[in-house]
Amino acid sequence: MRLDFSLQGGSYVIARRALPLTLPANYAFSFRIRGDGPPNNLEFKLIDSSGDNVWWRNQRNFVFSKEWRTVTIRKRQIEFAWGPSSAALQKTALLELAISAGSGGSGTLWIDDLTLTSLLPPHRYAKRPLLIATSSVQGHPAGAALDGNTASSWKSKPSDSSPSLTVDFLESREYGAIVVDWDRRDYATDYDVEVSPDGVQWDNAYRVRGGIGGARPLYLPDRESRFIRLHVLKKAGGSNGVAIRDLSIEPPSAGSSLNAFFEMIAGRSKRGIYPRSLIKQQTYWTIVGVDSDTREALINEDGAIEVDKQRFSIEPFVMIDGKLESWAEATTTQSLAEGDLPIPSVTRRKGGLTLTTTALAAGPAESSALHIRYRLENRGKASRKAQLLLAIRPIQVDPPWQFLNAAGGVAAVRSISYDGKTVRVDDKTIVPLSRPSAFGAVAFDGGDIVSDYIAHHRLPASRKVTDDFEHASAALAWEMVLEPGASDEVEIAVPFHDLAAVPVPNQSRAEAARTFAGILDAATKDWERRLGGASITLPPPYQVFVRTLRSNVAWILINRDGPAYQPGSRSYERAWIRDGVLMSEALLRLGRPEPAREFLQWYAGFLFPNGKVPCCVDSRGADAVPENDSSGEFLYGVMEYYRFTADRSFLESMWPKIALAVGYVDTMQRQRMTPQFESGAGRLFYGLLPESISHEGYSAKAMHSYWDDFWALRGLSDATEAASVLSKPEASVWAAVRDEFRKNLSASIALSMEQHHIDYVPGAAELGDFDATSTAIAVSPGGELLPSRAAIVRTFDRYFANFSGRRDGSIPSTDYTPYELRVVGALVRLGQRDRANAVLDWMMNDRRPSAWNHWAEVVWKDLRAPKFIGDMPHSWVGAEYIRSVLDMFAFERDSDRSLVVAAGLPAAWVTTGTGLVVKALATHYGTLDYRMDGDAARGVRTSIGGAIRMPEGGIVVHSPLRRSPAGAFVNGAPAAIADGSIVLRSLPAEVLFQYAP
């Protein structure tokens with residue numbers, strides 16, 4: 001079969017054939033393959049008779065070879081992919097071979113000789129292998145190499161110039177790696193690992209050149225053979241023989257991936273030698289970058305820094321008084337500059353010695369650089385001699401269980417060199433600002449830089465290595481003598497781009513410190529400027545809410561690439577319209593309209609000719625996957641920008657795209673307005689948008705998601721408003737389309753509730769499922785309470801009961817997604833202040849680490865569970881936090897066209913100290929200023945003003961206390977109170993709420 005492909009965005013090509021099979025108990029599929037094209041994902045899929053349940057083997061970034069090769073896929077490698085049922089696959093109906101976009105591009109693939117082979121049932125290897133050596137010294141027989149006792153060993157005779165050791169398993173055996181534990185003195189530097197099914201035909205499975213003694217792990221993925229032979233080509237001992245203390249045959253799982261291989265190595269090592277991610281402990285991180293650059297570094301909670309996406313990391317170690325200190329021996333804390341600026345630090349404390357790693361990025365977008373300072377401080381009473389070591393390792397900060405878009409875990413490092421000024425790691429440059437006292441680099445087969453060198457008080461002799469296995473490592477070292485109370489520091493720079501300006505190397509320590517201090521000061525001032533605009537001041541105990549808000553503005557700006565808002569810099573380095581418009585709204589409310597305009601103008605260029613708005617866009621182009629929320633989100637984003645800026649010229653420029661998008665929404669809804677949907681089972685879907693997978697809960701099978709419809713209704717309302725603003729004749733036509741859609745949507749929700757016997761708004765019409773986090777979008781930004789306010793209130797009553805159970809432990813829960821933060825804003829808008837405060841307080845505890853002021857996409861109850869967590873920080877989650885917290889201070893209410901103030905404020909924010917101050921908070925009606933303080937005894941006083949156009953429904957000011965006010969005054973005159981609030985019709989105003997004793 002020949003398959004030609006051209007991929008962009010999230011596109012894919014699929015070859016499908018019927019394949020009705022009853023699978024044997026154990027099996028393997030194999031096929032021959034060759035191809036010509038860039039690396040992309042090769043997907044082998046088996047589908048059952050339902051057509052909904054899919055099992056697969058997804059080989060990401062598969063490198064196509066122009067020569068024929070055989071791909072074998074064993075049962076143990078086939079995983080459940082998606083579908084309603086995850087039961088074991090026993091019968092297949094369909095086979096799919098697919099190529100999905102990795103790097104994208106065009107190419108051709110040939111596939112031949114598809115074969116299914118029945119295998120023996122998996123079983124534990126229980127035989128005793130036979131070992132055969134070309135020679136052995138008395139007392140050191142061949143069998144000693146595999147007896148599990150490192151005190152014994154096989155040793156070849158000195159006269160054996162090319163010794164070999166052969167293992168005969170006596171049957172075919174699967175394995176994924178071997179570990180050869182050579183004698184520290186008598187070992188092979190060059191040797192081959194050969195495998196054979198019969199002892200006659202041998203294949204070279206691995207070549208070692210420049211090996212060292214000790215335990216040497218060798219990667220042998222998906223290997224199966226009866227024989228393994230170690231053939232020595234060069235001995236370290238010269239005239240001596242070679243000796244193997246132990247030979248460990250590792251299971252297939254150790255070779256299932258490079259990450260599994262390195263996890264095996266880390267599991268055999270002392271804790272702290274490798275990052276915690278390789279010992280299967282969750283690790284948390286944050287990003288380091290500048291506004292809108294396409295490159296960012298990651299720093300984890302232990303101080304390791306990944307210098308760029310899927311690149312090596314720099315990990316600090318300290319040798320103090322002859323003892324190596326790593327992350328495992330220290331107490332570690334994190335911080336941000338000024339408490340909220342995106343300049344992170346990690347501080348490790350052990351025995352009076354403190355190491356603080358500070359990372360920042362500086363320079364214009366697309367010519368920025370990473371700058372790192374390592375400060376060592378002696379807080380003890382005695383002088384200390386220390387050595388700071390920076391290990392350059394082929395390991396990402398992004399952990400192995402991160403799999404979307406770009407796999408985390410190990411990284412490729414083919415070459416490392418040091419010329420006395422800079423270190424070159426493949427195409428990346430490390431600039432030590434002060435000259436190191438030592439440097440050494442080593443290829444993988446020559447040992448690991450930490451476990452085999454740093455831990456043994458030495459560095460490799462070589463300043464330049466090339467590693468065909470692509471996992472070289474290296475280290476820089478600086479000597480320090482620290483008197484009590486003294487500190488010393490080392491600085492390095494890593495350009496993100498070739499044109500980035502970085503400091504000169506080999507400065508004195510004092511000069512390097514001054515250079516970094518200047519860069520840090522400039523970066524601090526730049527971020528203070530970028531986070532300007534609206535400001536909120538809370539009493540000191542609660543200022544953390546504001547710091548978290550400011551930090552998430554910064555994370556949004558750093559995660560964006562040029563104009564493209566992105567949820568993250570690794571797993572989610574793509575621009576979704578749904579994420580982007582909510583990030584836009586968050587920044588618009590804080591007085592930052594420029595990024596929103598840039599994003600919307602950029603995204604508008606990707607609309608398809610029929611008006612379809614792509615769900616997301618990345619470097620490969622627009623994604624054609626049908627996600628039917630996109631059109632409404634685009635329309636909302638455009639009009640929301642106009643409401644905050646009154647930029648009529650922008651709205652005029654977007655009009656053709658608005659008209660296209662509305663036409664596409666109308667076309668979609670009319671697919672569900674044909675006769676088959678007028679009665680019977682189809683009536684439930686009448687007038688809705690078709691099924692889609694825009695709601696992640698329906699990725700297994702597309703559903704009629706009300707999430708899509710709420711967004712469509714919001715978009716139709718906004719398009720109608722845009723047409724009215726621009727005096728377009730479409731205004732009346734679109735108003736009728738909007739009203740009809742609202743009527744049909746409300747009827748469908750009511751019918752779904754009736755059919756499923758539920759009293760809450762379901763997530764999908766056909767499922768009747770409960771998903772308040774999804775339904776929250778109907779409240780904000782939807783502004784719709786369909787099918788009734790009572791149904792919406794019951795939905796969030798149910799949510800809060802569930803939330804309370806999870807919080808208190810009465811309802812079991814392992815994880816949740818902090819998209820749930822949007823519920824806080826929904827509760828505020830529904831008048832449920834106390835519930836909103838309770839949910840927010842609980843979620844604030846799940847910032848990890850808390851000092852970095854952000855959330856991952858997924859929060860696991862088990863802090864160290866090695867589970868997928870999405871990006872950190874996750875900017876869509878950050879936007880939901882910003883939107884919800886700002887709702888607590890002020891929001892626009894569509895139902896009566898009013899501006900609602902202080903509806904979600906906790907009483908403590910007002911009654912503590914001097915209360916709170918809000919300045920220049922952007923609204924649809926202009927910028928709002930207010931100050932609020934007081935308590936029940938003195939009354940609560942609010943001074944409110946700003947550059948506000950008075951809303952049609954006035955400004956509704958809520959009392960912040962739980963007690964209902966006994967009276968209220970506006971500018972000294974009595975005011976009417978309704979539901980604990982008063983309505984202002986003019987500004988400025990002084991509002992006083994008084995309370996009965």
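**Aromatic rings and their surroundings**

Lys-867 is placed over the face of Trp-860, at 5.6 Å from the ring centre, where a charge is taken to sit over a ring if NZ of Lys or CZ of Arg is within 6 Å of the ring centre and within 35 degrees of the ring normal. Over the face of Phe-770 lies Arg-798, at 4.9 Å from the ring centre. The structure is a predicted model, in which local features need pLDDT of at least 70 and side-chain atom pairs count only at pLDDT 80 or more, while totals for chains, interfaces and linings use all residues. Residues are numbered from 1 along each chain as its sequence is written, and side-chain values use heavy atoms, with hydrogens and water left out.

Rings of Phe, Tyr and Trp (its six-membered ring) are paired if their centres lie within 6.5 Å, and planes under 30 degrees apart count as stacked, over 60 as edge-to-face and the rest as tilted; by this rule the count comes to 42 aromatic pairs. The rings of Tyr-418 and Phe-439 have centres 5.0 Å apart and planes at 45 degrees, so this pair is tilted. The pair links distant parts of the chain, with Tyr-418 in strand β27 (residues 415-418) and Phe-439 in strand β30 (residues 438-442), 21 residues apart; strands (E, at least two residues) are DSSP runs, numbered from the N terminus. Tyr-418 is buried at a relative accessible area of 9%, and Phe-439 is buried at 6%, where buried means under 20% relative accessible area, exposed over 50% and partly exposed in between (1.4 Å probe, protein chains only).

Terms used
Helix = DSSP H or I, 4+ residues; strand = E, 2+ residues; numbered from the N terminus.
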